[in-house]
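Dear colleague,

Please find the structure below, followed by a short account of what was found in it.

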Amino acid sequence: MDIYRSVIRPVLFSGVKADPEWLHQQTLGVLGWLDYHHQQPLARWLHHQLAKAYCLNDDRLAQSLWGLQFSNPIGLAAGFDKDGVASGVWSSFGFGFAELGTVTFTPQPGNPPPRLFRLPLDNAALNRMGFNNQGAAAMAHTLQQRWGNALSPLPSPFPIGVNLGKSKSTPLEEAAADYLGSFQWLKDWGNYFVVNVSSPNTPGLRSLQATEQLEPILAALQQENAGQKPLLIKIAPDLEWEAIAAVLELAQTYKLAGIIATNTTIRRDGLTTQVVRSTGKSVQEEAGGISGAPLRQRSTEVIRFIWQETQGNLPIIGVGGVFTPEDAWEKITAGASLVQVYTGWVYEGPAMVRHLLEGLLQKMAERGLTSLSQAIGLKE
């Protein structure tokens, strides 16, 4: 029996009236303690117990991208560990990689609470967090404390990504310098980096996806980067096909390593939820982005479009609405090399990653595949 889904989740989702953000912070506090004290006997034992329960190691699931080794294709999406306080814990939950952030150059509190809402009727969440984080310098300090000398390689095969956003206080015309400042603080601490220009919760941010605004950001980052670290861009699911194609052109011009598809959606059509219970307001009135199951189909469509447009030559990290092995398989066969989860993990619990991996292995076996890479873009 899955204790999380049958006992813990019902209490957290309905029996406890606590704010979802507060619950998230408490969880992260415990995991941060576990990571900070990782060398102590109790913490080491707990890491071992987590790994024994939730990890599944199988060479058929391994992926090699950008010179990095991924033990499996399932990663933790940005937004869960915004400040990197639990960076060493995620591998013990079975993840093949984790993406920290979104982090901004300037520390910022984010939008006023309440700003995180569960929509259980839709297996979804609505958030308008607004890049609340302690800033790039603080994350660099946290990661240095955890991993030691910046010149030492981060643990392999567990790549760590860093998701970069624009500070709310920085004018749009100064965005390039803002992203660059964060990258300079953190370039020694991430195995790959993501330019986030697609969150709906920072005013004007999504306008940076337009070619004339995105180009100077990519130019500044790649000049500083000099090809040392894989640089990706995370796009919104609400872009028209022409706008996505324009981003793909820039990605090729500036030799980006890949695309993350997609961020949260501002669309509300198709939702069962009509009223957000904790505020009493219509879901149409509540600002923010929707994540979870309502995003699944659109994000997969975007993945398939990118795969076809680039003839499979630009790696894709697929994210949006992954709850089951079928969801993950759908994204991989549409063209995703890796898949990230967040909302699904909150709903399904810590056993989810192992369940996804077991399901992927079963689907590979059914089709006679010996490596997950054979499934990428596979026409069923």
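A salt bridge is taken here as a side-chain nitrogen of Lys or Arg within 4 Å of a carboxyl oxygen of Asp or Glu. This is a predicted model, in which local features need pLDDT of at least 70 and side-chain atom pairs count only at pLDDT 80 or more, while totals for chains, interfaces and linings use all residues. Residues are numbered from 1 along each chain as its sequence is written, and side-chain values use heavy atoms, with hydrogens and water left out.

Across the whole structure, 12 salt bridges are found. One of them joins the side chains of arginine 367 and glutamate 366, at 3.3 Å from N to O. Arginine 367 is partly exposed at 32%, whereas glutamate 366 is exposed at 51%.

Another salt bridge, between arginine 128 and glutamate 286, has an N to O distance of 3.0 Å. This pair links distant parts of the chain, 158 residues apart. Arginine 128 and glutamate 286 are both buried.

A further salt bridge pairs aspartate 238 with arginine 206 at 2.7 Å, N to O. These two residues lie 32 residues apart, each in a loop. Aspartate 238 is partly exposed, with 25% relative accessibility, and arginine 206 is buried at 17%.

With kind regards

Conventions:
Helix = DSSP H or I, 4+ residues; strand = E, 2+ residues; numbered from the N terminus. Buried < 20%, exposed > 50% of the residue type's maximum accessible area, 1.4 Å probe, protein only.
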